[in-house]
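Please keep the sequence and the model in view while reading.

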Amino acid sequence: MNYCQARHCDKYLYFPGEKRARFYRPYQCGEQALPGDRVCALCKAAKPSNVQLSRGFNHGFIGDLIPPNSHAYGGEWYLSMVAKRGEPAKEVLEEATEHIEEDFETTAGPEIAALFRAGMSSTKVEMPTRLPKAEPARSQKGEPKARQTKKKTQAAATGPSYIQESCAAAEAKIAEMTRSITPRIVEALSEPLDVCEVEYIDVETLKFDGDKYYKDLATNYLYKRLANKGMGELVGKFNEEALAIMDVD
Ligand SMILES: [Zn+2]
């Protein structure tokens with residue numbers, strides 16, 4: 001079975017420093033790819049999105065470059081941020097590569113990776129934040145700016161490239177990598193979310209009565225933990241004293 005090769009992100013992590021700059025943890029979509037295609041039906045149909053955690057955000061393909069506007073671990077943007085702010089803590093890096101670990105040569109390109117390594121091994125070298133060739137196409141200059149943020153303009157101009165992209169050279173490598181990657185299915189089966197709709201919660205796993213759950217640390221709400229470790233539906237509120245799951249409205 002061929003797995004969808006789209007790269008998505010499921011979590012953000014922080015660079016060191018006071019300003020808690022974020023980058024995102026990548027994973028492979030892992031849904032079944034459409035016959036003769038690199039992507040699954042969900043990724044193919046995903047609406048372009050500016051939200052890095054959305055399926056509609058273009059983080060490229062596994063085994064390919066991470067686009068410059070992606071803030072995924074390992075991409076050009078990520079490496080330029082490391083050059084500025086320093087490398088994230090070891091535990092953070094472990095978390096960042098929990099699902100997949102790709103070479104920086106693959107995800108940022110050989111030139112950037114070499115620059116990065118040179119910078120890391122000697123004194124700090126300021127990385128170019130963006131290479132000329134990687135500059136994404138902008139939308140027309142004359143576009144009214146009033147209601148559009150910079151990010152939105154970019155996403156609209158670059159769009160999802162799953163369909164246009166053709167990188168046959170990486171195929172062999174990807175096929176090899178795919179075998180060692182555990183497919184991971186994400187529950188975002190509906191439309192990509194708008195920024196304002198995304199809610200981040202801290203959860204811990206909980207085993208109760210033989211079932212596995214995710215427990216919202218702030219509210220004690222329990223969500224089903226799916227076999228693929230995804231987050232399922234809300235089942236109730238965990239009452240720690242009664243050791244019972246209570247209904248919520
Ligand atoms: Zn997919």
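Two strands are said to pair if DSSP finds at least two bridges between them. Helices (H or I, at least four residues) and strands (E, at least two) are DSSP runs, numbered from the N terminus. The model is predicted: local features need pLDDT of at least 70 and side-chain atom pairs count only at pLDDT 80 or more, while totals for chains, interfaces and linings use all residues. Residues are numbered from 1 along each chain as its sequence is written.

**Overall composition**

The chain contains seven helices and seven strands. Along the sequence they follow the pattern β-β-α-α-α-α-α-α-α-β-β-β-β-β. A residue is buried if 20 or more other C-beta atoms lie within 10 Å of its own, exposed if 12 or fewer, and partly exposed in between, with C-beta atoms placed from the backbone. Of the 249 residues in the chain, 29% are buried. Two residues are in contact if their C-beta atoms, placed from the backbone, lie within 7 Å. Among contacts with a separation of 6 or more, 55% involve residues 24 or more positions apart.

Strands of a sheet pair through backbone hydrogen bonds, either parallel or antiparallel. Here, an open sheet of five strands is ordered β3-β4-β5-β6-β7 and its pairing is antiparallel. Its edge strands, β3 (203-208) and β7 (244-246), each pair on one side only. From one strand to the next the twist averages 45°; for such angles, axes are lines fitted to C-alpha atoms, for helices over the stretch in contact, and the angles run from 0 to 180 degrees between N-to-C directions.

| Strands | Bridges | Sense |
|---|---|---|
| β4 (residues 211-216) and β5 (residues 221-225) | three bridges | antiparallel |
| β5 and β6 (residues 231-239) | four bridges | antiparallel |
| β6 and β7 | three bridges | antiparallel |

Lys-215 stands opposite Leu-222 in β5, Tyr-223 has Leu-234 in β6 as its bridge partner, and Asn-239 is partnered by Ala-244 in β7.

Several residues in the connecting loops have a positive phi. Asp-209, in the loop between β3 and β4, has a phi near 55° although this residue is not a glycine. Asp-209 is exposed, with 8 other C-beta atoms within 10 Å. The hairpin of β4 and β5 has four residues between the strands, and Asn-220 there takes a positive phi near 70°. Asn-220 counts as partly exposed, having 16 C-beta neighbours inside 10 Å. In the hairpin of β5 and β6, five residues separate the strands, and Lys-229 in the turn has a positive phi of about 75°.

**The nonpolar cores**

A nonpolar core is a set of buried Ala, Val, Leu, Ile, Met, Phe, Trp, Tyr and Cys residues joined through C-beta atoms within 7 Å. The largest has 19 residues, and those with the most contacts inside it include Phe-23, Tyr-24 and Tyr-78. At least two residues of this core come from each of β2 (22-28), α2 (76-85), α4 (104-108) and α5 (110-121). The greatest share is that of α2, with five residues. Apart from this core lies another, of 13 residues, among them Ala-33, Cys-40, Cys-43 and Ile-62.

Which residues does Phe-23 touch, not counting those up to four places away in sequence? They are Tyr-12, Leu-13, Phe-15, His-71, Ala-72, Tyr-73, Tyr-78 and Met-81.

Helix α2 is largely enclosed by the rest of the structure, because seven of its ten residues are buried. Among the buried residues of α2 are Trp-77, Tyr-78 and Leu-79. Gly-86, which follows α2, has a positive phi near 95°.
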